[in-house]
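Trainee: I am new to this structure and would like a close look at a single part of it. Could you take me through that part slowly, and then connect it with what surrounds it?

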2 protein chains.
Amino acid sequence: MNILSERMSNLKPSVIREIFKHMADPEVISFAAGSPSSDAFPSEKIADITAEILRNESNVALQYSVSEGYPPLREWLKLRLTEKGIFTARKDAPDDVLITSGAQQAIEIITKLICNEGETVVCENPSFIGSLNSFRSYNANLVGVEMDDEGINLEKLESAFKSNPRTAFLYLIPNFQNPTGKTMSLKRRKDVLALCDKYKILIVEDDPYGELRFLGADIPSIKQLDVESDLGRVVYVGSFSKTLAPGLRVGFMCGVAPLLQKATVCIQASTVHTSILPQMVVHRFVTQNNFNQHIKKLQLLYKSKAKLMLDTLQFNMPLSIDFIEPEGGLFIWGTLPGSWDGLDAAMMMMFCRKALDNKVAIVPGNAFSPDERVPNLSFRLNFSYPSDDEIQKGVEILSKVAKTMFK
Amino acid sequence: MNILSERMSNLKPSVIREIFKHMADPEVISFAAGSPSSDAFPSEKIADITAEILRNESNVALQYSVSEGYPPLREWLKLRLTEKGIFTARKDAPDDVLITSGAQQAIEIITKLICNEGETVVCENPSFIGSLNSFRSYNANLVGVEMDDEGINLEKLESAFKSNPRTAFLYLIPNFQNPTGKTMSLKRRKDVLALCDKYKILIVEDDPYGELRFLGADIPSIKQLDVESDLGRVVYVGSFSKTLAPGLRVGFMCGVAPLLQKATVCIQASTVHTSILPQMVVHRFVTQNNFNQHIKKLQLLYKSKAKLMLDTLQFNMPLSIDFIEPEGGLFIWGTLPGSWDGLDAAMMMMFCRKALDNKVAIVPGNAFSPDERVPNLSFRLNFSYPSDDEIQKGVEILSKVAKTMFK
């Protein structure tokens, strides 16, 4: 269709959403999605809260609202993010908070706001496919930078900034990164921030999993470390999708007020505002319940699921396949032994295909690559959505497939 | 802030949303918004439906869903739009339906999908400010075409197409247009479609008020008339904001499947999907209740409110001020006598300002102008949101203000 805009030329359906179609088959065990556990939804409380809202405040819940988001939820978020050191009442550039229809809308709106067509977005390689597609949908030039054990590689990041003077922003997922599960060290966060200060590059810090740490100690967010720059170098993006329920589509962004005023105009011109009933449900849940206790329960649930998956992988999988142990989040990243020069991509796709033929869905690593043509030896496993039985059974099937292919 | 993208340069906050801020004053009578009557919300039924959904299907309502929209709601829409002749199972280019977060998101996504930066969007002058801002947010060149009593002027439309060869699409609101309340005649719809066929221009037909006809007979939509073109020249956009509740943010678009597949990818990269609980609420409401009867009630309510406002205007306002009697929708368009060459814009703004000083909010006509700098002698009044008492009192105040300024 030649009527399409140029920016659409780079945009293809997400591989994950395509794999979703196979998952209509109830026999398929899915390690492919990024969905939280349905067991973790506080369904009864949400039902009670919703009934109360529609009994007492139906006109608020059903009528048009403001584009910035439901005011009491924004106020609660400001308090919570202040406690965490993320929301800053900087004198010259105080922060603000906006509610979005999921963190994904926040990412899309920031891209629309800041990135001209053809400008560069630098990100970790691999990175979250949904965000990559947001960047692609504005015809951004995607530049992925390799990661090491501490996060995005600093030298390669600097050379990416040097070779891409028209860089709109740096996109990072410092906690339990999607897809690798890696967490950026404190030192690396500081170094990355200093580098961005030097090159005057805005950082978009995506933190959907930050609350879901089940091992180790919390590390300050980059936004929190950004106390010296007057500008406010970091826009912090969060979500209730993993901590409460993704179907509600309630996320948020926190950054300097003038930028967020412009973002509000973008929201007006897109969804007008996030559906108000879900925003009220989130607000009532976080204020009427012990939200920290709820988070704690999620952490324990995911800790046990991650451990089960890792233990089962280590017991069954060929030793040549490497897995990264995450300290939180939803994902385990596996890497096949790479010894078939040129055949790597084909082997990876064959592994995923054979797994799906045996009713286990996983996502091949190149789906997360800023340049999808680059072959990739890794794959992503999700442990939050499948049941414990499915984790065991699915990993056993996957291991059998792997053993037919790798030592 | 110099970090902003070029496309943001043309985008300012909607005048209406700015007027909203004054409306925090409970003494202000608002004729400014485009909100439906809160009395019209079937709140109790929505409360019952929602409780049932969260009791029986909370995992569906709270988990991630597909970007195309809640499948049962899409199926219902296909049936309803088939009955109306809008959904077409054309052999070569069958239609599809997508759910969006309000009609506004549909407009924004179509713009993203089709309009390159700098390309032209042709529309009625005046037109809906929210859509104009969507177009501006992609740096579109807005070309407004004057309307006469039958709708957009055909000769001027053709000359707009001729002088703007890089036209991405024509945007129209044929029924009870926002802001003028005008309805495009059947002949004009046919002629506009033929003209667009000749110039190979896509039509985006926005029909948020189509169900709210309270006078005269229904006129086929342009989408419905588009039976001959193989391509499918029209994308039809609708909403449940006026027929059920705007806070839910559930709208839809109907057009040829290949185009809507691309739109689905845009939704993936933006909101992922429309909040699922509101989609399920809409689906249960339209299938478990007599939706047509509900619509009939709304039509009677708005007929009586429109009549009350028009009668009160005609009784109190200076005779020199013209009002257009709408056959449906939410708005009455007034025009001041134009006899102060060069002072028109100043007089209009003074009239709106004096009205607001006297606690009545109205929207000046130039807010709806594709070129906001052009002075405009008109203003928009909304009759759906204020109570009957407010309509009477507000019009009386407005009339006093008018009498101090005009004969």
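Mentor: The side chain of Ser369(A) comes within 2.7 Å of the backbone oxygen of Asp371(A), a polar contact in the sense of a pair of N or O atoms within 3.5 Å, where, within protein, one must be able to donate a hydrogen and the other to accept it, and where residues adjacent in sequence count only if both atoms are side-chain atoms. Ser369(A) sits in the loop between strand S13 (363–364) and strand S14 (378–382) of chain A, and with a relative accessible area of 2% Ser369(A) is buried. Buried here means under 20% relative accessible area, exposed means over 50%, and partly exposed is what lies in between, with a 1.4 Å probe and protein chains only. Helices (H or I, at least four residues) and strands (E, at least two) are DSSP runs, numbered from the N terminus.

Before going further, please keep in mind that this is a predicted model, in which local features need pLDDT of at least 70 and side-chain atom pairs count only at pLDDT 80 or more, while totals for chains, interfaces and linings use all residues. Residues are numbered from 1 along each chain as its sequence is written, chains are lettered from A and ligands numbered from 1 in the order in which they are written, and side-chain values use heavy atoms, with hydrogens and water left out.

Elsewhere in chain A, Lys359(A) has a phi near 70°, which is positive in a residue other than glycine, and its place is the loop between helix H13 (344–357) and strand S12 (360–361) of chain A. Lys359(A) is partly exposed, at a relative accessible area of 29%. In chain B, Lys359(B) also has a positive phi, of about 70°, although it is not a glycine, and Lys359(B) counts as partly exposed at 30% relative accessibility. Most residues other than glycine have a negative phi, and most peptide bonds are trans. A cis peptide bond joins Asn178(A) and Pro179(A), with omega about 20°, and Pro179(A) lies in the loop between strand S6 (167–172) and helix H8 (186–199) of chain A. In chain B, the peptide bond from Asn125(B) to Pro126(B) is cis, with omega near 5°, and Pro126(B) is placed in the loop between strand S3 (120–125) and helix H6 (129–136).

The strands of chain B deserve a look of their own, and two strands pair if DSSP finds at least two bridges between them. An open sheet of 4 strands in chain B has the order S10-S11-S14-S13, with antiparallel pairing. Strand S10 (322–324) and strand S13 (363–364) of chain B stand at its edges with a single partner strand each, so one side of each has no neighbour in the sheet. Within that sheet, strand S11 (residues 331–335) and strand S14 (residues 378–382) of chain B pair in the antiparallel sense over 5 bridges, and Ile332(B) has Leu381(B) in S14(B) as its bridge partner.

Another open sheet of chain B has 8 strands in the order S2-S9-S8-S7-S6-S3-S4-S5, with mixed pairing. Here S3(B) and strand S4 (residues 141–148) of chain B pair in the parallel sense over 6 bridges, with Glu124(B) opposite Val145(B) in S4(B). Strand S6 (residues 167–172) of chain B runs parallel to S7(B), joined by 4 bridges, and Leu172(B) has Glu205(B) in S7(B) as its bridge partner. Strand S7 (residues 202–206) of chain B is mostly covered, since 5 of its 5 residues are buried: Leu202(B), Val204(B) and Asp206(B) point one way, whereas Ile203(B) and Glu205(B) point the other way.

Finally, the two chains meet, with 72 residues of chain A in contact with 72 residues of chain B, where contact means heavy atoms within 4.5 Å. The area buried between chain A and chain B is about 6,200 Å², of which carbon and sulfur atoms give 59%; buried area is the accessible area (1.4 Å probe) that two parts lose on being put together, summed over both. There are 2 salt bridges between chain A and chain B, a salt bridge being a side-chain nitrogen of Lys or Arg within 4 Å of a carboxyl oxygen of Asp or Glu. Lys112(B) and Glu108(A) meet through their side chains in a salt bridge, at 3.0 Å from N to O. On the side of chain A that touches chain B, H5(A) gives the most, with 7 residues.
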